[in-house]
Structures are given as C-alpha cells and as structure tokens.
Amino acid sequence: MPHSFGYRARTRDMFKRGFKETGPIKMSTYLINFNVGDIVDIKANAAQQRGMPHKYYHGRTGIVYNVTPRAVGVIVYKIVGNRYLEKRVNLRVEHVKHSKCRQEFLDRVKRNDAQKVDAKEKGERVHLKRVPLLPRGASVVCTTDNAPKTMVPLPYETTI
C-alpha cells in the first residue's frame, strides 16, 4: 500500500503526549518569559495545533529572534545538501521551552571564576582546563597466598 506524504505524515509517536501529561495545557506554560537571544528547544505539543512546527523541527534547538504576545520566532539551522540554511520559524509558546544545553557550561564558568579568585588570594596558580579520563593505573597481581582458581560453568541440571 502506498503511504501518504502529508504535513503530519509518520508523526504518530512523535507528537504523542507523554504519560500522565494529557489534558489541557498548564497555565505555567504561558507565564514563561522569552527574550531575543534565548536558546530554546522545539517540542510540539499535540494539545495545541495552532502554531505547531513542522515535524522536521521537532526536537531541534534554536535561538529566539522575535517575540510576540502568543508566539516566538526561532532561528534553526537546517542541512540542505552541503550547506546550512538559516530557517526562521514562528511557533506558539506551547511548542518551545528554554534549553538546558548551556547550563553545564555556565556552571563551569562560575566554578572556574571562583577558583581563580581563591588562587589569586593564595598567590598560586590553578589549572582550569578539563582533563580527559586517564587510563587506569597498572598493578601487579601477586600469587603468594592467592592461588589461581580455574572457573568452569555449572553442569546443566533439569528440575522436572
């Protein structure tokens, strides 16, 4: 059978509401402030069909460039061929939320600044670069008072 190529084709699970998240949209959704330059995640809310993003933008992260009373304009970069195109999509506030992608970076910046201030007071240098996980240290296994044991699987036993 041929499948359809509609605007919302193959979005049965994509636009589905989460477990115990059905029903009307909470008022707190409308009380969140968005400013130009905010980084937001796009996640379509099936309870509000107006201002819903195309399925391509579901799960994408973009930057707010315009704010209106009920909607926000978001810049999203889309790969087309061998280039990135800047797409500007207008979405209602029900379909966007503030992204937490920069939170770890901002926390690290604050932590590094605090370490710099402490090191300056003490008059010492501090290393702030992230260090990748190093290989585990070498060790020698001693066999004195630790005889090697041969491990074999247990024989199969039927319990009928």
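Biologist: Which strand does β1 join through three bridges, running antiparallel?
Modeller: Strand β5, residues 96–98. Strands here are DSSP runs of E, at least two residues long, and helices are runs of H or I, at least four; both are numbered from the N terminus. Two strands pair if DSSP finds at least two bridges between them. This is a predicted model: local features need pLDDT of at least 70, side-chain atom pairs count only at pLDDT 80 or more, and totals for chains, interfaces and linings use all residues. Residues are numbered from 1 along each chain as its sequence is written, and side-chain values use heavy atoms, with hydrogens and water left out.

Biologist: And what stands opposite V40 in β5?
Modeller: H98. In β2, the bridge partner of V40 is G62.

Biologist: How many bridges join β1 to β2?
Modeller: Three. β1 covers residues 39–42, β2 covers residues 61–67, and the two run antiparallel.

Biologist: Where do side chains point in a regular strand?
Modeller: They alternate between the two faces of the sheet.

Biologist: New topic. Where does R8 lie?
Modeller: In the segment before β1.

Biologist: What does R8 touch, leaving out residues up to four places away in sequence?
Modeller: F15, Q49 and M52. Contact means heavy atoms within 4.5 Å.

Biologist: Why is R8 called partly exposed?
Modeller: Because its relative accessible area is 41%. Buried means under 20%, exposed over 50%, and partly exposed in between, with a 1.4 Å probe and protein chains only.

Biologist: What separation do the C-alpha atoms of R8 and V76 have?
Modeller: 19 Å, with the two residues 68 apart along the chain.

Biologist: Zooming out. What pattern does the protein follow along the sequence?
Modeller: β-β-β-β-β-α. The protein's radius of gyration is 27 Å, well over the 15 Å that the globule rule gives for 160 residues, so the protein is more spread out than a compact globule. That radius is taken over C-alpha atoms, and the rule is 2.2 Å times the number of residues to the power 0.38.

Biologist: What box do the C-alpha atoms fill?
Modeller: Roughly 75 × 75 × 40 Å, taken along the principal axes.

Biologist: How much of the protein is buried?
Modeller: Buried residues make up 21% of the 160.

Biologist: How many positive and negative side chains are there?
Modeller: 31 positive and 14 negative, and the centres of the two sets lie 11 Å apart. Lys and Arg count as positive, Asp and Glu as negative; His and the chain ends are not counted. Each charge is placed at NZ of Lys, CZ of Arg, CG of Asp or CD of Glu.
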